[in-house]
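Here is a short note to read beside the model. Take the points in order.

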Amino acid sequence: ADVLLRLQGVTVGPRTSFSSRVLLKGCEPVVFIDGAELMSRTMDLDAFIDVDDIEAIEVYITPAEVPLEFPGDPLCGSILVWRKADRRRL
């Protein structure tokens, strides 16, 4: 989640000892890892992926920006995380 902190429109919080919640303009985005939708949204993004495994991250702040092949929430944007090829396990 900390990787996303510097992006405009992205907030991380409130933090608990167990999770880091990511919000895009105040709403909880749909998250895709290697093209597959993460069903729990972003309640604990850090639990699903290690920063060392990340090849690239795409952040779409509004739903209008999200590529058509990644349908998500019509009211919020999406986050796409791509892992290094040798680390993909989904």
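How many of the 90 residues of the protein chain count as buried?

1. The share that counts as buried is 40% of the 90 residues. Buried means under 20% relative accessible area, exposed over 50%, and partly exposed in between, with a 1.4 Å probe and protein chains only.

2. A word on the source. This is a predicted model, where local features need pLDDT of at least 70 and side-chain atom pairs count only at pLDDT 80 or more, while totals for chains, interfaces and linings use all residues. Residues are numbered from 1 along each chain as its sequence is written, and side-chain values use heavy atoms, leaving out hydrogens and water.

3. The chain has one helix and six strands. From the N terminus, the order is β-β-β-β-α-β-β. Helices (H or I, at least four residues) and strands (E, at least two) are DSSP runs, numbered from the N terminus.

4. The largest nonpolar core has 15 residues. A nonpolar core is a set of buried Ala, Val, Leu, Ile, Met, Phe, Trp, Tyr and Cys residues joined through side-chain atoms within 4.5 Å. Val-22 and Ile-79 touch the most other members. Strands β1 (10–12), β2 (22–24), β3 (30–33) and β6 (78–83) each give two or more residues to this core. Another core, of six residues, lies apart from it; Val-30 and Tyr-60 are among them.

5. There is one salt bridge (a side-chain nitrogen of Lys or Arg within 4 Å of a carboxyl oxygen of Asp or Glu). Asp-34 pairs with Arg-83, the closest N and O atoms being 2.7 Å apart. Asp-34 sits in the loop between β3 and β4 (36–38), and Arg-83 in strand β6, 49 residues apart. Arg-83 is buried, with a relative accessible area of 5%.
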